[in-house]
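Good morning, and thank you for coming.

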Amino acid sequence: MYRLITLLFAGLLAGIMISCGGNGGNEEESDVIKIGHFASLQGDIATFGQQTDKGIKLAVEEINANGGVLGKQIQLITEDTRSTTQDAGLAAEKLISNDGVTVLLGEVASSLSLVAAPIAEREQVPMLTPSSTNPEVTVDKNGNVRKYVFRVCFIDPFQGKVMAKFAKENLSTQRIAILKDNANDYSVGLAKNFRETFEAMGGEILAEQAFEAKQVDFKSQLTDIRDMNPDAIYVPGYYTEVSLIAEQARDLGITVPLLGGDGWDSPELTKGKFKEALEGCYFSNHYSVEDTTAKVKAFTEKYDQSYGELPGAMSALGYDAMYIVADAITRAGSTDSEAVTKALSETKDFPGITGNITIDEQHNAEKSAVVLMIKEGKFTYFATMEP
Amino acid sequence: MSRKHRSYLYLLIGFAAIIGLSFPFEAGLNSYDMRIVINVGISMILAASLNLINGFTGQFSLGHAGFMAIGAYTASALTTMVFGTTEGTTQELLFLVVLIAGGVSAAIAGLLIGIPSLRLKGDYLAIVTLGFGEIIRVVLQNIEPLGGSLGISGIPRYTTFIWTFGILAVLIFVTENLMRSTYGRGFLATRDDEIAAESVGVNTTKYKVTAFVVGAFFAGIAGGLYGHYNSLIRPLDFGFLKSVEIVVMVILGGMGSTWGVLLAAALLTYLPEALREVELFGIKFRDFRMTIYALSLILLMIFRPQGLLGDFNAEEFIRKIRGKPKKPATTET
């Protein structure tokens, strides 16, 4: 009996292996344009990866319903990276080599985009990242701009600066404490740029305390911060920890507002018991769900209809990225990678959900950021910060 | 020909086969397939090196990713910060140097952790090695010059098919020879009954430390290969989960069976990739490929608790095919 089951199981395995040997030879399908998306559908940052994928899917559906691009339908292929560098490399390489995609979209995490960027360069396939904010993704360490890599979001230094400016000018704070996530390059980058700008503007950073992703108790850091009596606390982390930090800060009697970045943007942030704790806090973001312009409204409604939830910033960026790709292919007039790359680099004043997007010389998107205030658990528009 | 000479011959044949295979592989596989092959090779080195510690010596180590991290960071930092990108023969030579440097630093770490902690046994050792792995990760995360949590990026791509499998061949050669020497007997004695071994004068601590040092050395080299293939390394990738992944390969392959462990490493690295494209009865496996991966582990452990090739002996198998009678095990030297 055992032997039989073992045999069956081995047979199944062998079947799987054989059945996947036979793909890869179908690159010359000219009736569709293939777009590849490599995303963290599982692992540490799965929420962001899934949100981005939903945004891109929505854009693809709309584009295809309107007749596609260059008269062809768009076929989206999404591959999972499990939030690891090993799988990011595999996913990007598969999309390029096996599927022969025209454009590679992806990754939220900058470290994972940094694995794919050299692959895109080597294979000469344009890559557009919706939300990797580390400057190194498009400009390598030696200061050379990567020819094939672009992004549609602003970069870490900008976001850090925006929040510092906002804290100093709009909130007129003078003394700020920073609480950053040391395990997260995004958080460290934001904290660094916030500090530099805030100090240059004459403000005072009282302390830079650190925690680690997945930590659940922040009382020792918060107690230290409380004793310094700051005007506000900058917490550039992901929403998972920020909710807990806010709750514990209020428990310790800290009443000053917390400030943050786009990592806060999730409906989970203010769910249930955390609603009270985050009241009156501010964070910088790519767009506001409350924006009443027709374009944004149509997007949020359609997204709500399709998925039954409000779109986060990642969804909006994914949606914009897909439309920019479609726009570039249309302007290029072909799916030739050189032509598409050139068209992408010439993107100018593209009216996206997250603002008017212009790709600059360093392949970054020039656009404004918004600051949102949390009011009764909702993210309400507070100010627009120009670059 | 004596056994010793024959093993050198095998190594040479192995090298020749790898160089011979590299041509059709480089020409016939696209870069995605090649990436899978290289990842399989690196997993094999990691699993086979952990097999020395967990399989042959019976020490439950959960910190193998830590050794890999040390090797990866040493090698990558040397390349990116000291030597810079080079080409041709200098590149190959420098690559060898940085790989060995990575291996040596990992081996030193293995020695440092080995001496105090190998007095512990079983679960206690597992906890200490687990702690060690995490310490490495957290320390790397906090060293600014090494890139902090973003890690080292822009590492040139030096790792090739020949490098990966050449090193694997050396590892197999070292393991096979080690296991036939006094050391190998010491490893097995330590694993099978530590108290009995001690009582007949076997210095078990020495064998345990040796196993740790050799295992760590090759894990460090595997880390160097990984860094120079993936172009970016970050502390997060050398966490607890990576260690567990390697332990699973060893257990699945059969503790102490080099070939079984290699087979399991190949399977477990290839399976998640293979499942990306599979479609059965109209259901795409892509969305729950990790579930299938986990399910196959559970099934294998239920039906083959000794591992894939846990009780498989290559020499006996060949002898059986040839129809020769079994030699008594004690005459083997």
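**Selected residues and a helix pair**

I begin with Asp349(A), which is partly exposed because its relative accessible area is 48%; with a 1.4 Å probe and protein chains only, buried means under 20%, exposed over 50%, and partly exposed in between. Before going on, I note that this is a predicted model, in which local features need pLDDT of at least 70, side-chain atom pairs count only at pLDDT 80 or more, and totals for chains, interfaces and linings use all residues. Residues are numbered from 1 along each chain as its sequence is written, chains are lettered from A and ligands numbered from 1 in the order in which they are written, and side-chain values use heavy atoms, with hydrogens and water left out.

Asp349(A) sits in the loop between helix 12 (337–345) and strand 11 (350–352) of chain A; helices (H or I, at least four residues) and strands (E, at least two) are DSSP runs numbered from the N terminus. Although Asp349(A) is not a glycine, its phi is positive, at about 50 degrees.

A positive phi, near 65 degrees, also occurs at His363(A), a residue other than glycine. His363(A) belongs to the loop between strand 12 (355–359) and strand 13 (365–366) of chain A. With 9% relative accessibility, His363(A) counts as buried.

Next, Gln51(A), in helix 2 (residues 46–65) of chain A. Is Gln51(A) buried or exposed? It is buried, because its relative accessibility is 9%. Leaving aside residues up to four places away in sequence, Gln51(A) touches Asp265(A), Tyr303(A), Gly312(A), Ala313(A), Met314(A) and Ser315(A), where contact means heavy atoms within 4.5 Å.

Now the cysteines. Cys153(A) is buried at 0% relative accessibility, and Cys281(A) is buried with a relative accessible area of 0%. How many disulfides does a search of the whole structure find? Over all chains, the search finds zero, a disulfide being a pair of cysteine sulfur atoms within 2.5 Å.

Finally, chain B. The axes of helix 3 (residues 64–83) and helix 4 (residues 88–117) of chain B come within 8 Å and cross at roughly 140 degrees; axes are lines fitted to C-alpha atoms, for helices over the stretch in contact, and angles run from 0 to 180 degrees between N-to-C directions. Among the residues making this contact are Phe67(B) and Gly71(B) of helix 3 of chain B and Leu94(B) and Gly102(B) of helix 4 of chain B. By class, the contact has 11 nonpolar, six polar and no charged residues; Ala, Val, Leu, Ile, Met, Phe, Trp, Tyr, Cys and Pro count as nonpolar, Asp, Glu, Lys and Arg as charged, and the others, Gly among them, as polar.
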